[in-house]
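Dear colleague,

I am handing over a structure for your reading.

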Amino acid sequence: MTLQEYDYVRERPSKLAASCLLLALTMKNLGGWTPTLEYYSGYSAQDLHPLVKRLNFLLTYQPRDKLNAVRSKYSHRVFFEVAKVTPMDMLKLEEALTS
């Protein structure tokens, strides 16, 4: 989704990927940012928090008329129906990131 948003062009791909991973871990309650992830990514959880919030905002307020083919593709069981996952409430996300 970020490929079509100019606001994300200035972000490093590695930071964007790390932020997406942290958001996914948080959304699925699979734990937080571990020291191993910090070591291999080069980013601390605090470095990623602002971008994680922006990504969740993008998921929450995305226009439904764009990217229909992508949404349809990732709504299938083969891709674990990730397009159907509801974004986190911003306050709950903030809480999860700070804990």
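The notes below go from the whole chain to single residues.

Please keep in mind that this is a predicted model.

**The chain as a whole**

The protein chain contains five helices and zero strands. Along the principal axes, its C-alpha atoms fill a box of roughly 35 × 30 × 25 Å.

How much of the protein chain counts as buried? Of its 99 residues, 27% do. The accessible surface of the chain comes to about 7,300 Å², and 58% of that surface belongs to carbon and sulfur atoms.

Taking the contacts between residues at least 6 apart in sequence, 69% join residues at least 24 apart. The protein chain carries 13 positive and 10 negative side chains, and the centres of these two sets lie 7 Å apart.

Val9 is located in the segment before helix 1, which spans residues 13-27. With a relative accessibility of 59%, Val9 counts as exposed, because the cut-off for that class is over 50%. Val9 and Leu97 are 88 residues apart along the chain, and 24 Å separates their C-alpha atoms.

Asn29 belongs to the loop between helix 1 and helix 2, the latter covering residues 35-41. The relative accessible area of Asn29 is 69%, so this residue is exposed. Its backbone deserves attention as well: phi of Asn29 is near 55°, a positive value in a residue other than glycine.

**Aromatic pairs**

How many aromatic pairs does the structure hold? There are three aromatic pairs, and two of them are described here. One of them joins Tyr39 and Tyr40 in an edge-to-face arrangement, with 4.9 Å from centre to centre and 85° between the planes. Tyr39 and Tyr40 are both exposed.

Another pair, formed by Tyr74 and Phe79, is tilted, with 4.7 Å from centre to centre and 55° between the planes. Tyr74 has a relative accessible area of 30% and is therefore partly exposed. Phe79, at 31% relative accessibility, is also partly exposed.

**The loop between helix 4 and helix 5**

Ser75 is placed in the loop that runs between helix 4 (68-73) and helix 5 (90-98). Is Ser75 buried or exposed? Ser75 is buried, because its relative accessible area of 18% falls under the 20% cut-off. Leaving aside residues up to four places away in sequence, Ser75 touches Glu81, Ala83 and Lys84.

Glu81, one of the residues that Ser75 touches, is likewise found in the loop between helix 4 and helix 5. At 33% relative accessibility, Glu81 counts as partly exposed. Glu81 is not a glycine, yet its phi is positive, at about 50°.

Yours sincerely,
A colleague

Note on methods:
Residues numbered from 1 in each chain as written. Predicted model: local features only at pLDDT ≥ 70, side-chain atom pairs only at ≥ 80, totals over all residues. Heavy atoms only, no water. Helix = DSSP H or I, 4+ residues; strand = E, 2+ residues; numbered from the N terminus. Buried < 20%, exposed > 50% of the residue type's maximum accessible area, 1.4 Å probe, protein only. Contact = heavy atoms within 4.5 Å. Areas by Shrake-Rupley, 256 points an atom, 1.4 Å probe, with all protein chains shown as cover. Lys, Arg positive; Asp, Glu negative; His and termini not counted. Charge placed at Lys NZ, Arg CZ, Asp CG, Glu CD. Phe/Tyr/Trp six-rings, centres within 6.5 Å; stacked < 30°, edge-to-face > 60°.
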